[in-house]
Amino acid sequence: MTDYRMHLLICGGTGCKASESSEIKNQLDQYLSEYDLDQEVQVLLTGCFGFCEKGPIVKVLPDNTFYTEVKPSDAKDIVMEHIIKGRPVKRLLYKNPKNDYEVTTATNIDFYKKQIRIALRNCGFINPENIDEYIGRDGYAALGKCLTEMTPEEVIKEIKDSGLRGRGGGGFPTGLKWEITRNVQNDQKYVVCNADEGDPGAFMDRSILEGDPHTVIEAMIICGYCIGADTGLVYIRAEYPLAIERLKIAIGQAEEYGLLGNDILGTGFSFKIELRYGAGAFVCGEETALIHSMEGLRGEPTVKPPFPSVSGYNGKPTNVNNVETFANIPVIINKGANWFNKIGTEKSKGTKVFALAGKINNVGLIEVPMGTTLREVIYDIGGGIKDGKQFKSVQTGGPSGGCLTKKFLDTPIDYDNLVEAGSMMGSGGMIVMDEDDCMVSIARFYLEFTLEESCGKCNPCRIGNKRLHEILTRITEGNGTPEDIDRLRVLSEVIKDTSLCGLGQSSPNPVLSTLNNFMDEYLAHVNEGKCPAGQCKALVRYEINPELCTGCTLCFRNCPVGAITGERRVAHFIDQSLCIKCGVCFEKCKFNAISLT
Amino acid sequence: MPKIKLSDNTINIIKEVCAEFDNKESELINVLHKVQGKLGYLPAEVQEVIARELKTSVAKVYGVVTFYSFFTMIPKGEFPISICMGTACYVRGAEQVLSEFKRQLKVEVGESTSDGKFSLNCLRCVGACGLAPVVTVGEKVYGRVAPTQVKDIIAEYRNNVCDVARTA
Ligand SMILES: Cc1cc2nc3c(=O)[nH]c(=O)nc-3n(C[C@H](O)[C@H](O)[C@H](O)COP(=O)(O)O)c2cc1C
Ligand code: SF4
Ligand code: SF4
Ligand code: FES
Ligand code: FES
């Protein structure tokens with residue numbers, strides 16, 4: 001970034017792109033050339049900034065001004081005011097919701113204050129399609145250091161000393177995995193990057209690949225050097241077209257710079273990277289299934305051992321690591337294991353990226369040191385629960401994890417604490433739920449997912465999860481019995497004990513954790529035929545209280561099925577036989593005249 | 001399903017893709033990605049050609065096609081509508097949005113309208129959770145969709161043909 005006096009970084013992440021960030025770029029480019037500034041100011045599309053809730057984000061360098069919720073029509077003011085006259089466009093600055101003060105730079109926004117960015121260090125700072133920018137921020141320095149100054153054993157020792165554990169869910173020590181794969185004798189070995197990210201409601205790996213693809217490439221080359229592999233494969237979801245495109249560009253650039261290919265940096269070490277596409281099967285995130293899928297087969301898991309480190313892709317030793325795990329590697333090499341292992345808790349070092357979503361004010365992508373409490377994440381970073389509602393639960397670990405309650409809010413987040421609390425770290429999905437979420441429905445939602453995604457190989461997983469789902473559906477429809485609750489528990493234990501892979505072994509977790517933490521809700525469904533959260537359609541009724549109804553006709557006009565009748569200024573009435581219980585009238589009514597019973 | 005007669009041209013397209021991957025059985029998934037990219041879907045007749053070219057059984061090809069949700073045996077509508085059913089969207093009311101689409105279009109998930117204009121599908125997290133609930137029509141992403149907006153979204157495409165959303 002030398003020739004330009006200023007840079008405008010625009011979020012090109014999926015969320016902001018959906019809110020027309022590409023159009024903002026076009027408009028900015030247009031105004032800049034109109035005022036002959038296009039040689040002085042450069043506009044770049046970057047990866048996700050993390051603060052998706054307030055997207056589209058535009059950041060101005062070098063002064064670091066951070067604009068939120070920018071629209072294409074704001075481009076003119078940014079150019080006229082900020083770039084030409086040198087004063088920030090106030091109305092586009094983030095307003096601290098606590099005191100309404102405008103905040104100019106990202107570092108002063110509460111959302112970012114408690115974060116430490118290691119894996120996401122470059123996301124939102126560089127143009128992911130330009131290798132020079134990556135290099136300008138220490139990119140490929142770690143690779144150079146490894147290849148020219150360190151033996152593979154020394155690199156592995158550094159990773160082991162750092163305490164880095166796999167970010168794909170299992171939490172296996174990364175250095176140890178590399179060492180095991182290194183010690184297996186074979187002429188052909190593989191490095192695989194697991195970019196299958198199947199957790200529904202998570203987009204960490206995708207954001208890293210979209211925002212900083214070179215970090216993953218650099219780490220894969222380092223891994224290849226350590227274990228003695230000359231080929232790397234990235235298994236990536238075909239549903240991630242932007243990430244695929246950026247990876248391809250990055251691989252091409254790295255080849256051009258002699259960082260991939262034969263005789264890298266003149267050291268005699270050779271390495272190439274190819275892409276393999278997933279086709280939308282969650283179970284293919286499991287490493288043995290992933291390997292079978294790369295071999296062109298159905299993605300069904302197989303028994304371990306043999307572990308992929310010993311016998312993986314085409315029967316050869318294969319080291320599988322997650323995207324985020326790889327993204328930590330270059331930093332560990334550059335800054336040293338002793339820098340890294342000071343961050344985090346005793347057994348979980350470094351940071352973790354979470355996709356924070358659900359009923360929370362600041363939905364986005366965050367990276368926090370291990371040991372941060374759930375309360376800090378939800379209230380300080382996440383800005384608390386949306387619409388002033390009550391916090392009910394936070395779900396971590398996706399379909400394999402559990403729902404935690406208030407009493408766990410002060411638990412420091414790390415691998416072991418989350419397991420002890422009855423959930424797990426998983427790959428980093430974190431969904432916050434409020435008083436309006438029915439926990440039985442949530443359990444049913446996850447079961448519906450595992451049911452669809454079970455590969456079908458084991459009976460307990462294929463049939464057992466179906467039965468769990470049926471029972472949960474029965475309960476949400478008001479036909480459950482107290483015996484059903486016992487059945488859920490027994491069946492869950494059996495499925496956990498007898499399934500082959502991690503999918504089946506963890507699929508009952510959402511059921512068990514909700515049974516443990518929200519038994520009263522289950523009981524209300526089966527004993528009283530009530531859904532306390534008012535979400536189970538079969539169990540709720542919307543009614544208009546004639547005393548409170550002013551006859552404003554708002555509900556009448558919004559009901560999608562015409563179930564509401566009534567005249568202006570006369571109390572309205574809901575025809576229960578037509579009502580589909582969409583809840584729109586309830587939300588729209590300004591007079592609290594509609595009740596949910 | 002009625003049997004489809006593939007044109008020679010289509011058969012040639014499939015054969016070319018297979019040849020590009022050296023007719024290797026281990027490349028099956030890559031072949032399927034590419035063929036679906038070109039034809040839009042993978043009906044049984046197409047699978048038969050692929051099986052012949054890669055010298056493998058139709059059962060194996062079928063087994064792979066049906067295993068992966070990305071592969072489809074049904075043609076997509078002119079405007080493919082997908083409702084995000086990821087957790088973030090689910091807790092922000094995606095189910096109500098979905099049922100409204102089903103009601104308006106009178107189709108179930110995985111089906112197309114009889115005029116071939118719309119098809120309805122679910123997907124899991126498009127990475128725009130901040131905009132939940134999310135609906136995509138072709139390439140276009142709609143955020144914070146309320147059930148009451150569903151009618152308008154459909155109308156946008158039903159009446160005037162909108163080029164952005166048209167995908168191969
Ligand atoms: C059902 C299931 C789904 C998984 N999905 C993913 C995934 O989407 N991404 C991932 O990196 N690991 C996933 N894993 C974990 C992988 O099997 C493997 O442990 C991981 O990729 C190893 O990398 P790491 O040590 O760097 O975490 C999944 C495991 C199971 C059992
Ligand atoms: S536990 Fe389920 S997903 Fe895993 S191998 Fe068995 S059937 Fe397949
Ligand atoms: S809940 Fe929905 S369908 Fe029922 S009366 Fe209200 S707006 Fe109409
Ligand atoms: S997508 Fe723009 S901030 Fe996340
Ligand atoms: S869950 Fe719908 S966009 Fe992420």
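The C-alpha centres of domain 1 and domain 2 of chain B lie 30 Å apart in this predicted model, where the domain bounds come from an automatic or database domain assignment. Domain 1 of chain B covers 8–67 and domain 2 of chain B covers 79–167. Local features need pLDDT of at least 70 and side-chain atom pairs count only at pLDDT 80 or more, while totals for chains, interfaces and linings use all residues, and side-chain values use heavy atoms, with hydrogens and water left out. Residues are numbered from 1 along each chain as its sequence is written, with chains lettered from A and ligands numbered from 1 in the order in which they are written.

**Domains of chain A**
- The assignment for chain A gives domain 1 (6–109), domain 2 (131–340), domain 3 (351–434), domain 4 (439–527) and domain 5 (541–596).
- Between domain 3 of chain A and domain 5 of chain A, the C-alpha centres are 36 Å apart.

**Interface of chain A and chain B**
- In contact (heavy atoms within 4.5 Å) are 53 residues of chain A and 38 residues of chain B.
- The two chains bury about 3600 Å² between them, 59% of it on carbon and sulfur atoms, buried area being the accessible area (1.4 Å probe) that two parts lose on being put together, summed over both.
- On the side of chain A, the residues that lose the most area to chain B are A:Ala279, A:Arg298 and A:Phe445, together 17% of what that side buries.
- The rule for salt bridges (a side-chain nitrogen of Lys or Arg within 4 Å of a carboxyl oxygen of Asp or Glu) finds four across this interface, and one salt bridge joins the side chains of B:Arg124 and A:Glu452 at 3.1 Å, N to O.
- Helix H17(A), with helices being DSSP runs of H or I of at least four residues, gives seven residues, the largest share of the side of chain A that touches chain B.

**Surroundings of ligand 1**
- A polar side-chain atom of A:Asn322 is 2.7 Å from an oxygen atom of ligand 1.
- From the backbone, a polar atom of A:Glu287 lies 3.0 Å from an oxygen atom of ligand 1, and a backbone N or O atom of A:Glu197 lies 3.3 Å from an oxygen atom of ligand 1.

Notes
Helices (H or I, at least four residues) and strands (E, at least two) are DSSP runs, numbered from the N terminus. A polar contact is a pair of N or O atoms within 3.5 Å; within protein, one must be able to donate a hydrogen and the other to accept it, and residues adjacent in sequence count only if both atoms are side-chain atoms.
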